Amino acid sequence: MLIQNAARSALKLPPLVWDPKLARYAAWYANQRRGDCVLEHSDGPYGENIFWGSGSGWTPAQAAAAWVDERRGYNYWSNSCSYGEDCGHYTQIVWRGTRRIGCARVDCYEGKGVFMTCNYDPPGNYNGEKPY
């Protein structure tokens, strides 16, 4: 959460606050992915960032750093990602209206890697709207 709040602070946005309800939802969904480790969204009521890493050494801070690093591919003026780049994880993190966060991490079965998810409320990333 520190990395995500640092990205928000750089834009003078209020910090995200840990929410146990969102963390329970994240844990519930991460456990659904434990068997296959597929990067598939829950399609739930919250904003959501998901991460997969091979092996077992991945930390939540590394997932958050990868998401925040997407800012390099985000163009605020056109409100779009550079060609071939992802930036939606970053824009969810810095979505002005988002206030709460809850995350979870699981080791996937049969050594299939690590799955992590963070959920955000209120959600962001609405088409045509700038994050901040």
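Which residue does a disulfide join to Cys 81? The partner is Cys 87, with an S to S distance of 1.9 Å, where a disulfide is a pair of cysteine sulfur atoms within 2.5 Å. The model is predicted, so that local features need pLDDT of at least 70 and side-chain atom pairs count only at pLDDT 80 or more, whereas totals for chains, interfaces and linings use all residues. Residues are numbered from 1 along each chain as its sequence is written, and side-chain values use heavy atoms, with hydrogens and water left out.

The link of Cys 81 and Cys 87 is left-handed, with -85 degrees about the S-S bond. Cys 81 counts as partly exposed at 34% relative accessibility, while Cys 87, at 3%, counts as buried; buried means under 20% relative accessible area, exposed over 50%, and partly exposed in between (1.4 Å probe, protein chains only).

By this rule the disulfides come to three. Another of them is formed by Cys 37 and Cys 108, whose sulfur atoms lie 2.1 Å apart, and the torsion about their S-S bond is about 70 degrees, so this disulfide is right-handed. Both Cys 37 and Cys 108 are buried.

A disulfide also joins Cys 103 to Cys 118, S to S 2.0 Å, and this pair links Cys 103 in strand β5 with Cys 118 in strand β6, 15 residues apart. Strands here are DSSP runs of E with at least two residues, numbered from the N terminus. Cys 118 is buried, with a relative accessible area of 5%, and is also the bridge partner of Asn 49.

Terms used. Two strands pair if DSSP finds at least two bridges between them. Helices (H or I, at least four residues) and strands (E, at least two) are DSSP runs, numbered from the N terminus.
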